[in-house]
Amino acid sequence: PEPPVRPDRHDWRSERLAAIDAASGRQTLAATRIAAHAAPDLPTDRARPGEAGRHGTAVGRAVHGALEHAPFDDADVSALAREHAINEGVAEEVPRVETLIRAALASDVVRAAAGARHWRELYVAAPLVDDPGSPVVEGFIDLAYLDRGPEEPELVIVDYKTDAVVDDADRIAKASRYRLQGATYALAAERSTGLTVQRVVFCFLSGDGAVEVDIQDLPAAMAEVAEVVRD
């Protein structure tokens, strides 16, 4: 057999350096980073200026942690609320944590998930575009479930929000800030599962119950995320 043809040393060196450079860059991105990069000038949170969103407070972490395990039926969640509040160092907030857990469990979207195939704290990771070297976006979806559409099952993504809300306008402003974060989860879920994401729902929790806010024109928001990644 003929001996293998050795590549030109200059070409080989250039390809090697390019591969090292690509491998040295950021390989994964969080959905929150994409949202922050795409919309850095959104208005300040009127209720808690400068506070982070998901898991931004100990109470929020306690609520999210408890909802990962809370039964969807009417079982008592007091013990879960106490356990997670103590774990987060906010034992004095047990009543508030329990109230927010109950608000989530009573919401329409969670009740729909209870009657369907569902996943909690669902890890997703996928390149959002097919460009070479595109970073992988990863994150955890609070709740996802299959909705039996007329032709094939579609995913519904639920993102719990424990932000303090001043009024309806403030809630809409917060949903706008989270729009591309939610769309990023949707795009990653579609690319990793092959299923269509029908809805992304922000479920705002408070002592008065839950208010659900859908991402409007979800396909357009997902397309915007893809453009951000390409840039």
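## Strand β5 and its surroundings

User: Which elements each supply at least two residues of the lining of the second largest pocket?

Analyst: In this predicted model, the elements that each give at least two residues to that lining are α5 (94-106), β5 and β6. The second largest pocket has a volume of about 220 Å³ and is lined by 16 residues, with Asp163, Val165, Leu205, Ser206 and Gly207 lying nearest its centre. By class, this lining divides into seven nonpolar, four polar and five charged residues.

User: Why is strand β5 called mostly covered?

Analyst: A residue counts as buried when its relative accessible area is under 20%, and in β5 (residues 197-206) seven of the ten residues are buried, so the strand is described as mostly covered.

User: How do you know that β5 pairs with β4, and in which sense?

Analyst: Pairing requires at least two bridges between the strands; β4 (residues 153-161) and β5 have seven, so they count as a pair, and the sense is parallel. One of the contacts is between Asp159 and its bridge partner in β5, Phe202. Together with helix α7 (residues 168-193), these two strands make a right-handed β-α-β unit.

User: What makes β5 and β6 a pair, and what do they form with two residues between them?

Analyst: Six bridges join β5 to β6 (residues 209-214), against a requirement of at least two, so the strands pair, and they run antiparallel. Leu205 stands opposite Ala210 in β6, and with two residues between them the strands form a hairpin.

User: Which residues of the largest nonpolar core touch the most other members, and which element gives the largest share?

Analyst: Of its 35 residues, those touching the most other members are Ile34, Leu128, Ile157, Val197, Val200 and Leu218. At least two core residues come from each of α2 (31-38), β3 (136-148), β4, α7, β5 and α8 (218-230), and the largest share, nine residues, is supplied by α7.

Key:
Residues numbered from 1 in each chain as written. Predicted model: local features only at pLDDT ≥ 70, side-chain atom pairs only at ≥ 80, totals over all residues. Heavy atoms only, no water. Buried < 20%, exposed > 50% of the residue type's maximum accessible area, 1.4 Å probe, protein only. Helix = DSSP H or I, 4+ residues; strand = E, 2+ residues; numbered from the N terminus. Right-handed = clockwise from strand over helix to strand, strands pointing away. Core = buried A, V, L, I, M, F, W, Y, C linked by side-chain atoms within 4.5 Å. 1 Å grid on protein atoms, 1.4 Å probe; cavity = no way out; pocket = protein on both sides within 12 Å on 5 of 7 lines; lining within 4 Å. Points joined across faces, edges and corners; volume = space filled by probe spheres on them. Nonpolar A, V, L, I, M, F, W, Y, C, P; charged D, E, K, R; others polar.
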